[in-house]
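These are my notebook entries from a reading of one structure. I set down what I looked up, in the order in which I took it.

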Amino acid sequence: GRRIATDFAQNMLESTAPLGIIFTNGDNDTFPLWYMQEVKGVRRDVRVVNLSLLNTPWYIRQLRDQWSRESAPLPMSVSDADLAGSSGPIDRRPTGNLAPRLFQDQEVGLPVDRNRFLDETIAGRVDTSMIADRMTWTLRGSPAGEGQSILYTADLAVLDILRSVAEDGWERPVYFAATVAQSSELGLQDYFQNEGLARRVVPIERATGDPDGFVAAEVALDRLGKFRFEGLDDPDVYHDQNARNMADGYRIRFATIAAQLAEQGREGDAVALLDRVTEAVPPETIPAGFGSLYTLAEAYARAVATALEGRCAEAAPLFDVVLARNEALDRARMLGAGCRFELGESAVAQAAFEDLLQRDSVAADAGLRAEVLQRLGKLHHRGGRHDEAESAYNESRATAEAAGDKEALGRALL
């Protein structure tokens, strides 16, 4: 049967550690979670906090003062006076500590108890040497132009909860659901740890370039191992467009985590995740969007490129579909050509690499150009054309050196 709503809700709850607090966005990522907790008894230890309702004094008071099943009241410092001044008639501007306000983006900080991250729930999963005594970041709200942001009551309440949790020694894990808009994340992305359908705030700055944050392998694999996908592979079950979009999102979530696992040397785990989501959410029943296709293809290619062979059979046709929709994606063409090379289609791969080197967009990206040349050199070397290989390798190194691109240079020197 169709279980997309309840499975998605359970999967989001299972993306959190015990006694977690998870901020959700709106109706579709809140009410199904409450249903699973109240009716099915799933993860009643987790406090689901709806950001839309968090703009209202009565809801903040409820979170602060009341238990919810196995979840204790949330640590908060706001007083009744703060709540009373957070809203009012439209003709009288609220002035309380939780009243919406304009402000300039600014650095804020929270205390960190390093000992909290040395126990069995965290030890071995994060590099504790990277933990400072204080967590600092640039606080941002919803953009309002000219370097200003708007902090709504919900934003100020989230900040108060975070500060209270930190002052209590980080005993309660805090998460933002994967469905929360970036404008509601207060600029915390560099402190996110991707644990599936939820991103945990961990006071270790690990900028990955991924807005969903760093992947701690053992944590992510444990969370994703509990996911359910009932009925998504059944052609007799009808899924409307909203359900298909939700299910397609699983591909991006799994592929994003798999790509980081491959970079960490966990290629086998990466491919296993990709295979699992491809089998559980097949394109025959849940059509793949452009973004999920590209993310899956790139993740497969990263896993193959680092160690494993023979998996390009899965990635190559995905790249073909991606490029049929948008031929201008230079990196996708390079990775797709690399897969064709691994599959023994050297002539096809060589033609693609040489075409890329003629593109102005590749010439303008020194790192990408250096990588294309490095791959072309490998192709020539394997084909016994050693002079051409040496020429490509030398040009790759020169390109990376001229641009000062240390990452590209490191690849070129391999």
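This is a predicted model: local features need pLDDT of at least 70, side-chain atom pairs count only at pLDDT 80 or more; totals for chains, interfaces and linings use all residues.

**Entry 1**

I found Leu-19 in the loop between α1 (4-13) and β1 (21-24). Its phi is near 65 degrees, which is a positive value in a residue other than glycine.

I then looked up Arg-43, which lies in the loop between α2 (31-38) and β2 (47-50). Phi of Arg-43 is near 45 degrees, again positive in a residue that is not glycine. Is Arg-43 buried or exposed? With a relative accessible area of 16%, Arg-43 is buried.

I turned to α1 and α2, whose axes come within 8 Å and cross at roughly 80 degrees. An angle of this size makes α1 roughly perpendicular to α2. From α1 I listed Ala-5, Thr-6, Ala-9, Gln-10, Met-12 and Leu-13 in the contact, and from α2 Pro-32, Leu-33, Tyr-35, Met-36 and Gln-37. Sorted by class, the contact of α1 with α2 has 8 nonpolar residues, 3 polar and no charged ones.

I recorded a relative accessible area of 0% for Leu-33, so the residue is buried. Beyond four places in sequence, Leu-33 touches Ala-9, Met-12, Leu-13, Thr-24 and Val-48. I also took the separation of Leu-33 from Phe-341: the two are 308 residues apart along the chain, and their C-alpha atoms are separated by 46 Å.

**Entry 1. The nonpolar core**

I next asked which residues have the most contacts inside the largest nonpolar core. They are Phe-23, Leu-54 and Tyr-250, in a core of 117 residues. Helix α7 (residues 241-263) gives the most to this core, with 10 residues.

I followed the contacts of Phe-23, leaving aside neighbours within four places in sequence. Phe-23 is in contact with Val-49, Leu-51, Leu-54, Val-158, Ile-161, Val-174, Tyr-175, Phe-176, Ala-177 and Val-180.

At 12% relative accessibility, Asp-248 falls under the 20% cut-off and so counts as buried. Outside four places in sequence, I found Asp-248 in contact with Ile-286, Pro-287, Ala-288, Gly-289 and Ser-292.

Val-215 sits in the loop between β10 (198-201) and α6 (217-224). I noted 0% relative accessibility for Val-215, which therefore counts as buried. Not counting residues up to four places away in sequence, Val-215 touches Asn-194, Ala-220, Ile-257, Gln-260, Leu-261 and Gln-264. Val-215 and Leu-51 are 164 residues apart in sequence, and from C-alpha to C-alpha I recorded 25 Å in space.

**Entry 2. Helices α11 and α12**

How are α11 and α12 oriented to each other? The axes of helix α11 (residues 330-342) and helix α12 (residues 346-357) come within 8 Å and cross at roughly 155 degrees. The angle is over 145 degrees, so α11 and α12 are roughly antiparallel. I noted that α11 passes α12 in a left-handed crossing. Among the residues that make the contact are Met-334, Ala-337 and Phe-341 of α11 and Val-348, Ala-352 and Phe-353 of α12. By class, this contact of α11 with α12 has 8 nonpolar, 2 polar and 4 charged residues.

**Entry 3. Helices α14 and α15**

My last entry concerns helix α14 (residues 366-382) and helix α15 (residues 386-403), whose axes come within 8 Å and cross at roughly 165 degrees. The pair α14 and α15 is therefore roughly antiparallel. I recorded a left-handed crossing where α14 passes α15. The contact includes Arg-369, Leu-373, Leu-376 and His-380 of α14, together with Glu-388, Ala-392, Tyr-393 and Thr-399 of α15. I counted the classes for the contact of α14 with α15 as 9 nonpolar, 7 polar and 4 charged residues.

How values were computed. Residues are numbered from 1 along each chain as its sequence is written. Side-chain values use heavy atoms; hydrogens and water are left out. A nonpolar core is a set of buried Ala, Val, Leu, Ile, Met, Phe, Trp, Tyr and Cys residues joined through side-chain atoms within 4.5 Å. Buried means under 20% relative accessible area, exposed over 50%, partly exposed in between (1.4 Å probe, protein chains only). Helices (H or I, at least four residues) and strands (E, at least two) are DSSP runs, numbered from the N terminus. Contact means heavy atoms within 4.5 Å. Axes are lines fitted to C-alpha atoms, for helices over the stretch in contact, and angles run from 0 to 180 degrees between N-to-C directions. Angles under 35 degrees count as roughly parallel, over 145 as roughly antiparallel, 65 to 115 as roughly perpendicular and the rest as oblique. A crossing is left-handed if the near helix is turned anticlockwise from the far one by less than a right angle, and right-handed if clockwise. Ala, Val, Leu, Ile, Met, Phe, Trp, Tyr, Cys and Pro count as nonpolar, Asp, Glu, Lys and Arg as charged, and the others, Gly among them, as polar.
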